[in-house]
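Hello,

Here is the structure we spoke of handing over.

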Amino acid sequence: MNIKSIKLENYTVFEKLSLDFNKGINVFIGENATGKTHLMKLLYAACKSNRANTGFEEKIVRTMMPDEFRISRLVTRTAGNRHAKVKILASQNEQKAERQLSIEFARNIKKWKAIVKGKEGWEKAFAEDSSVFIPAKEILSHSYKLAAATSVDNVRFDDTYIDIINLAKIDISVGKNPTLRSGLLKKIERITGGKIQYDEKKDEFYLKQGNSKQEFNLVAEGIKKMGLLWQLAKNGTLESGSVLFWDEPEANINPANLSLVAELLLELQRNGVQIFISTHNYFLAKYLDIKKTDQDDVSFYSFYYGAEEQGVQCEINDQFTLLENNPITKTYLQIYRDELGVVL
């Protein structure tokens with residue numbers, strides 16, 4: 001699947017926004033509360049709607065988790081707005097026909113009732129495609145019976161957490177590209193220092209280093225996050241045609257390893273994986289900018305609040321440093337000025 005564009009009206013912080021995406025890496029930056037994660041979860045819900053047993057409206061609700069699971073809570077809360085509208089365009093590849101999935105819902109509807117169009121064609125076109133959302137918070141160390149506990153409402157996690165645990169446990173690598181997997185696994189092992197092992201009987205993950213293994217909850221947070229990526233690559237989830245969403249890849253990662261994280265992302269997109277990431281980290285964004293080649297597709301999307309009546313807007317550029325609305329660069333420049341004692 002290749003997500004090509006999205007149009008939003010009155011959806012959470014977005015009053016009106018239209019974006020085109022590239023087939024490679026799409027990097028979302030911006031201050032807090034500018035809708036970066038909201039947008040990624042919405043696109044993820046659309047990807048997961050490729051299954052006949054998964055409704056688009058239901059998946060939106062289960063990833064966003066509004067009060068009482070009411071999709072109407074996702075309508076922009078400003079005077080006069082009564083309907084939210086979303087249109088997402090995708091294709092199997094650049095040569096094949098495009099498919100559109102749309103949803104519309106109002107403030108006064110109950111639960112997740114909404115008008116969804118294009119679902120049948122969406123399913124037929126993308127039924128075999130996989131997608132994965134890696135949340136900012138590490139979750140594999142909490143995998144024990146989590147899905148079961150969530151299903152009976154003993155604990156509450158949105159579907160991005162439940163889905164990622166299930167994907168990490170299931171091996172779908174048969175018949176897929178072993179060469180790509182082997183290269184990715186070796187690079188990730190440079191950070192983790194070992195391999196991930198899932199004990200099905202105990203329903204627990206371990207980090208295996210040589211002849212010893214360590215409980216996942218005893219492993220450093222940054223290692224656990226990269227261990228999850230290792231497991232997804234091993235299981236065959238990250239293959240050509242899949243879509244990866246990763247919220248704040250830099251969280252808890254040693255800054256010295258961010259160069260390698262950028263290389264991993266670039267390698268994935270070179271092998272046909274479309275990627276959406278949200279980041280607040282200068283080094284990760286800059287490494288993607290300087291390590292990409294002319295053949296790589298990397299675009300930067302800076303979300304910011306425009307005029308009061310416009311809601312969140314977005315600036316797009318293929319070069320990180322050329323973004324005018326760039327809070328990450330502005331912060332690092334301010335640190336430099338503060339260190340020198342320069343007042344502007």
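**Salt bridges**

Lys169 and Asp203 form a salt bridge, with 2.6 Å between the closest N and O atoms. Lys169 lies in helix 5 (residues 159–169) and Asp203 in the loop between strand 8 (195–199) and strand 9 (204–209), so this pair ties together parts that are 34 residues apart in sequence. Lys169 is partly exposed, at 26% relative accessible area, whereas Asp203 is buried, at 8%. Please keep in mind that this is a predicted model.

A search of the whole structure gives 15 salt bridges, and I describe some of them here. Lys291 and Glu263 meet through their side chains in a salt bridge of 3.0 Å, N to O. Because Lys291 is in helix 9 (residues 282–291) and Glu263 is in helix 8 (residues 258–270), the pair ties together parts that are 28 residues apart in sequence. Lys291 counts as partly exposed, at 27% relative accessibility, and Glu263 also counts as partly exposed, at 26%.

Helix 8 takes part in another such link, through Arg270. Arg270 forms a salt bridge with Asp296, the closest N and O atoms being 2.8 Å apart. Asp296 sits in the loop between helix 9 and strand 13 (298–305), so here the parts tied together are 26 residues apart in sequence. Of the two partners, Arg270 is partly exposed, with a relative accessible area of 47%, and Asp296 is buried, with 8%.

There is also a network of salt bridges, which links Lys59, Arg62, Asp159 and Asp163.

**Pockets**

The largest pocket has a volume of about 640 Å³. Its lining is made up of 27 residues, and those nearest the centre are Lys48, Asn50, Arg51, Ser131 and Leu167. Which helix gives the most to this lining? Helix 5 does, with four residues. Helix 1 (36–48), helix 2 (56–64) and helix 5 each supply at least two residues of the lining. By class, the lining of the largest pocket has 11 charged, 11 polar and five nonpolar residues.

The second largest pocket has a volume of about 290 Å³. It is lined by 15 residues, with Asn2, Lys23, Gln92, Asn93 and Gly272 closest to its centre. The classes in the lining of the second largest pocket are nine polar, four charged and two nonpolar residues.

Regards

Note on methods
Residues are numbered from 1 along each chain as its sequence is written. This is a predicted model: local features need pLDDT of at least 70, side-chain atom pairs count only at pLDDT 80 or more; totals for chains, interfaces and linings use all residues. Side-chain values use heavy atoms; hydrogens and water are left out. A salt bridge is a side-chain nitrogen of Lys or Arg within 4 Å of a carboxyl oxygen of Asp or Glu. Buried means under 20% relative accessible area, exposed over 50%, partly exposed in between (1.4 Å probe, protein chains only). On a 1 Å grid over the protein atoms alone, a cavity is a set of points where a 1.4 Å probe fits but cannot get out, and a pocket is an open set with protein on both sides within 12 Å along at least five of seven lines; lining residues have an atom within 4 Å of a point. Grid points are joined across faces, edges and corners, and a volume is the space filled by probe spheres set on the points. Ala, Val, Leu, Ile, Met, Phe, Trp, Tyr, Cys and Pro count as nonpolar, Asp, Glu, Lys and Arg as charged, and the others, Gly among them, as polar.
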